[in-house]
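Subject: Structure handover

Hello,

Here is the structure for you to look through. Please open it beside this email, as the notes below go through it part by part.

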Amino acid sequence: MANNTLTPTRADGVRTNALRSGTLPGYAKWACLAGSLAASALVFAVAGWNWPLFGVLGALLYLGSWTIVNAAVRGGRHGSNVFWATLVWIAFFLALVPLVSIIWTVLSNGTRGILEFGFFGSDMAGVTGVQDQAAAAGESGVLGGIKHALIGSLLITLVATLISVPIGLLTSIWLVEYARGGLLARVITFLVDVMTGIPSIVAGLFAAGVLMAHFEFVGGGYSGGNQIMGFTAAVALSVLMIPVVVRSTEEMLRVVPNELREASYALGVRKWRTILRVVIPTAISGIASGVTLAIARVAGETAPILLTAGMAVTTNWNVFKGWMMTLPVFIYQQLMRPTAPSAPDPSTQRAWGAALVLIIIVMLLNLIARFIAAAFAPKQPGR
Amino acid sequence: MSKRIEAHDVDIFYGKFKAVEGVSMTIEPRNVTAFIGPSGCGKTTFLRSINRMHEVLPGAHVTGRITLDGDNIYDPGVDPVTVRSMVGMVFQRPNPFPTMSIRDNVLAGYKINGKKMSKSDADDLVEQSLRGANLWEEVKDRLDRPGSGLSGGQQQRLCIARTVAVHPQVILMDEPCSALDPISTLAIEDLIRELKEDYTIVIVTHNMQQAARVSDTTAFFNIEGTGKPGKLIEMGPTEKIFSTPEVQATEDYITGRFG
């Protein structure tokens, strides 16, 4: 080649790439990381072992040394780039720690609970301190299960969804399609924001108060003169759900291009049909996943349900009558008031099992949300 | 299947801002009328007021009269939906419905309105409309694929097919080729020449060669300055406007001395 004379060659005649001067080999990063961790391990091997501090010191050493190496070899701009990039990665791993830790703890503690015979199929009826004492002494398996709590959670969440989705959906449709930024719209948006911040216990008190005013007939009414029932809990949860549904649906409707609405109007289509057949189908994937995430958000509520649905040991299928158990309350009750106070281990095991089930449900809801978003998304271009 | 449009002293407002002032014109049926003029001179605004589309924006309103074969579309009792079903519109950027297939896009005017139609009638209408938009041969084997999978020019012809399918009297086109390449532009222009056999066509364009190529009548809009309303300066047969315009501003614009 003509420019051979300009190309730096090593002493042994092998051609080197001039464009690669001032760069680091690919393994340098991993070597630096390994060195930092090794140095950190050495320090704590001498000073006494401590996992969190080992991680922190290792990360800081890596941050410092990798930045210095880059700044020295590749220049100051690369140095500061590497510094901030490494900082971002460290923050990412830091954020992962609690998540992984929770999943690991619940998995390792809860697996035994959910594998117990009858854990999903039975409730706590007939399970008393006697049975738990026997289980703790190893004379029988841990009896009792979460059937009542699972059914309570599903029913209450279902009713809460049935209440909040129509209200939330229609509110956001009105806000986006009809309100045109008037005074009422701004007031509603403001109130929805306020509602988002309502403490869940207040929502529970509100629901209990409203239902008390309407159901506490003296010894009468279908609910038997008692506002504590699944429906009250569903009202409390929908107070928490509605603002989430409104905000997420509103966002989704706002990103539907105006051109599509105009295209529909130009075909001589009325506004309500345009909303129903063009705007909502275009936004449905986002709306559905927003609703699913809102459900996941309220499925784990404890305080308002404790206030409104109470707790129970038997399965109650009727949301309009009688106390009801839910998974979060079940966990709370099993831990704080074990069935056999002198032998709490079986209760603890059931609580961990219920926690695992709750996490699985919430994760499933998140997966369903992703699936819905993908399934309903506007058809992708493809030829 | 085409109507004469007459405008009498039309002023168009966005809130308090007067965007267009004092437009009076007659748009002949079975004819292509082009609106030309610099940006912001009110051509699109005036076009959108012909099918009452501008009032989709809050605060927009019109004074004066616009008539379709003598019927004032701004009469207090007139439903804008009726007007729009007679006056179709093709937009600047192709906007097929992303949730619908090619076939459903063509039938959108019926499907969204919930009108029942037998499958054979629907098939006939789809073929007839797509043929009318010179798109049938290109898409006849993939009618069930999403409309958004077509090229830009094909999408725009799909939008024209969708407009033609509801049998309007008038078709308004708002810079229909400005997002398209020259080949697709040529295809649309050929289509416009065919469509004028049946429809009254009004087209807004920034491309003066295009106005010269496709239109029979040309209207030149201009604006005196920012914040001033746009006005109709001159309107006449396209050959006359492009060769011997009566107003100096028209000549300046057409010869490229400004704008």
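**A serine in chain A**

Apart from its neighbours within four places in sequence, Ser285(A) is in contact with Ile372(A), Ala373(A), Phe376(A) and Ala377(A), where contact means heavy atoms within 4.5 Å. Ser285(A) lies in helix α10 (residues 271–299) of chain A. Helices (H or I, at least four residues) and strands (E, at least two) are DSSP runs, numbered from the N terminus. Ser285(A) counts as buried because its relative accessibility is 12%. Here buried means under 20% relative accessible area, exposed means over 50%, and partly exposed is in between (1.4 Å probe, protein chains only).

**How to read the values**

This is a predicted model, in which local features need pLDDT of at least 70 and side-chain atom pairs count only at pLDDT 80 or more, while totals for chains, interfaces and linings use all residues. Residues are numbered from 1 along each chain as its sequence is written, chains are lettered from A and ligands numbered from 1 in the order in which they are written, and side-chain values use heavy atoms, with hydrogens and water left out.

**Where chain B meets chain A**

Chain B gives 39 residues to the contact and chain A gives 24 residues. Together the two chains bury about 2,700 Å², with 57% of it on carbon and sulfur atoms. Buried area is the accessible area (1.4 Å probe) that two parts lose on being put together, summed over both.

Which three residues supply more than any other three of the area that chain B buries against chain A? They are Thr99(B), Ile112(B) and Asn113(B), with 21%.

Three salt bridges are found across the interface of chain B and chain A. A salt bridge is a side-chain nitrogen of Lys or Arg within 4 Å of a carboxyl oxygen of Asp or Glu. Arg93(B) and Glu259(A) form a salt bridge through their side chains, at 2.7 Å from N to O.

There are also eight residue pairs in polar contact between chain B and chain A, both residues being at pLDDT 80 or more. A polar contact is a pair of N or O atoms within 3.5 Å; within protein, one must be able to donate a hydrogen and the other to accept it, and residues adjacent in sequence count only if both atoms are side-chain atoms. On the side of chain B that touches chain A, at least two residues each come from α2 (80–86), β6 (87–90), α4 (108–111) and α7 (152–165) of chain B. That side of chain B has 17 nonpolar, 13 polar and nine charged residues. In this count Ala, Val, Leu, Ile, Met, Phe, Trp, Tyr, Cys and Pro are nonpolar, Asp, Glu, Lys and Arg are charged, and the others, Gly among them, are polar.

**The two domains of chain A**

Chain A is assigned domain 1 (26–114) and domain 2 (147–376), with bounds that come from an automatic or database domain assignment. Their centres, taken over C-alpha atoms, are 40 Å apart. Domain 1 of chain A brings 11 residues to the contact and domain 2 of chain A brings eight residues.

The area buried between these domains is about 790 Å², and carbon and sulfur atoms give 82% of it. Val106(A), Asn109(A) and Ile114(A) supply 51% of what domain 1 of chain A buries against domain 2 of chain A, more than any other three residues. Zero salt bridges are found across this interface.

**Salt bridges within a chain**

Over all chains the count is 26 salt bridges. One of them joins the side chains of Asp193(A) and Arg247(A), at 2.3 Å from N to O. This pair links distant parts of the chain, 54 residues apart: Asp193(A) is in helix α6 (residues 183–196) and Arg247(A) in helix α8 (residues 230–254) of chain A.

Glu250(A) forms a salt bridge with Arg254(A), their closest N and O atoms being 2.8 Å apart. About one helical turn separates Glu250(A) and Arg254(A), because they are four residues apart in helix α8 of chain A. Glu250(A) is buried at 4% relative accessible area, whereas Arg254(A) is partly exposed at 48%.

**A positive phi in chain B**

Arg52(B) is not a glycine, and its phi is positive, near 55 degrees. Arg52(B) is in the loop between α1 (43–50) and β4 (60–68) of chain B. With 10% relative accessibility, Arg52(B) counts as buried.

Regards
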